[in-house]
Amino acid sequence: MAKEKIILTGDRPTGRLHIGHYVGSLRRRVELQNSGLYDKTFIFIADAQALTDNMDNPEKVRQNVIEVALDYLACGLDPTKSTIFIQSQIPELCELSFYYMDLVTVSRLQRNPTVKTEIQMRNFETSIPVGFFTYPISQAADITAFKATTVPVGEDQEPMIEQAREIVRRFNHIYGETLVEPEILLPDNAACLRLPGTDGKAKMSKSLGNCIYLSDSADEVTKKIKSMYTDPNHIRVEDPGQIEGNTVFTYLDAFCRPEHFDRYWKDYANLAELKAHYQRGGLGDMKVKKFLTAIMQEELEPIRTRRKEFEQDIPAIYDMLKKGCEVAREQAAQTLDEVRRAMKINYFDDAELIAEQARKFKAE
Ligand code: TRP
């Protein structure tokens, strides 16, 4: 049988999801889910990972599990096509992590660029929680438990996937071919790799207050785009404008399609023409922002509407998640069986081992 094609990815429930999540991975996942090209899709809410740096705030994590689930459903993730589940409800992941810890050195974790920057960002300095430090290992367990072949994530997750691949190779080398080496799937549009915040800062983040959330109202979206960072030297309309580092244009790169000009701005045939005019001078920021607003509202409106519908039946969402957890557990348990067998810790399933040792000790 050809190797199954399996998608897996997840998000930490530390807040509602924003359009950075959307263009970085969420939009792609829905396409992949609906493409019919994959045998299985697993999408999960990484609550246990969120607790590695929110251990003192379990209520925050718990409240955001449902927010993320709502965002998933609103974007079109469909529980009849994808298994949607909650990480902490799959204890098999802990056991896998425990064995993978033997395959990774402390210095290798210290070199993980994402862990490095996150430690700095959180001011952990010398008091780094062990669980946080080792979360790349637990993430390798998340991925391998489901034999994922394809992991759609943002660029910041690249070192995590690389570390998971190393663990797989080392495991298979020592214990025999058991685990599947995953591949990262990055957005193919550069603007989507790391969408800046509305203030032009490199990353959208809740603490910086520069996010547009999928669940923002139409008014909030309009307001946020109105105050968006552009080119600070583009003061008068006739001034030539710069598009590099200009957030409005980065967002257009991420969201604008040729048909949008047909619908909202017939003066230009495409984005290249619009950019050229802005660079020449004679095009004001407000006009461009209005265009962006129309595009964003078109994209976000159906998501908002669906979210409102799903919000009407929260118990049904917990039911859906619970069923997802059951399916996910079964898959993880099967992988764990194979791992235990490969690692020779499957004593009671190994009749041959017992018989052989029985013979050996009798003969002595
Ligand atoms: N670290 C990811 C994030 O912060 C979430 C995550 C946890 C994940 N386990 C994963 C993503 C496994 C992909 C695969 O967004």
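This is a walk through a predicted model, stop by stop, with something to select at each one.

Before you start clicking, note that residues are numbered from 1 along each chain as its sequence is written, and that side-chain values use heavy atoms, with hydrogens and water left out. Since the model is predicted, local features need pLDDT of at least 70 and side-chain atom pairs count only at pLDDT 80 or more, while totals for chains, interfaces and linings use all residues.

**Stop 1: a pocket**

Select A48, L93, C94, S97 and S138. These residues lie nearest the centre of the second largest pocket, which has 16 lining residues. A pocket here comes from a 1 Å grid over the protein atoms alone: it is an open set of points where a 1.4 Å probe fits, with protein on both sides within 12 Å along at least five of seven lines, and lining residues have an atom within 4 Å of a point. The space in this one is about 250 Å³, where volume is the space filled by probe spheres set on the points, and points are joined across faces, edges and corners.

Now colour by secondary structure (helices are DSSP runs of H or I, at least four residues; strands are runs of E, at least two; both numbered from the N terminus). Which helices each supply at least two residues of the lining? They are α2 (47-51), α4 (92-100) and α8 (135-145). The most comes from α8, with four residues. By type, the lining divides into seven nonpolar, eight polar and one charged residue. The nonpolar class is Ala, Val, Leu, Ile, Met, Phe, Trp, Tyr, Cys and Pro, the charged class is Asp, Glu, Lys and Arg, and the others, Gly among them, are polar.

**Stop 2: aromatic rings**

Next, show the Phe, Tyr and Trp side chains. There are 14 aromatic pairs in the structure. Rings (the six-membered one for Trp) pair if their centres lie within 6.5 Å; planes under 30 degrees apart are stacked, over 60 edge-to-face, and the rest tilted.

Select F85 and F146, a tilted pair with centres 5.1 Å apart and 45° between the planes. F85 is in strand β3 (residues 83-86) and F146 in the loop between α8 and β4 (150-152), so you are looking at a link between distant parts of the chain, 61 residues apart. Are these two buried or exposed? F85 is buried at 0% relative accessible area, and F146 is buried at 1% (buried is under 20%, exposed over 50%, partly exposed in between, with a 1.4 Å probe and protein chains only).

F171 is buried at 0%, while Y175 is partly exposed at 26%.

Look at K5, whose charged end sits over the ring of Y38, 4.9 Å from its centre. Then find R12 over the ring of Y135, at 4.7 Å from the centre. The test is NZ of Lys or CZ of Arg within 6 Å of the ring centre and within 35 degrees of the ring normal.

**Stop 3: salt bridges**

The structure holds 29 salt bridges (a side-chain nitrogen of Lys or Arg within 4 Å of a carboxyl oxygen of Asp or Glu).

Start with R340 and E95, whose closest N and O atoms are 2.9 Å apart. R340 is in helix α16 (residues 314-342) and E95 in helix α4, so the bridge ties together parts 245 residues apart in sequence. R340 is partly exposed at 28%.

Then pick E166 and R108, bridged at 2.8 Å, N to O. E166 belongs to α9 and R108 to helix α5 (residues 106-111), so parts 58 residues apart are tied together. E166 is partly exposed at 30%, whereas R108 is buried at 14%.

E181 is in the loop between α9 and β5 (183-185), 16 residues from R165.

Finish by selecting R27, R257, E259, R263, E298 and E299, which salt bridges with shared partners join into one network.
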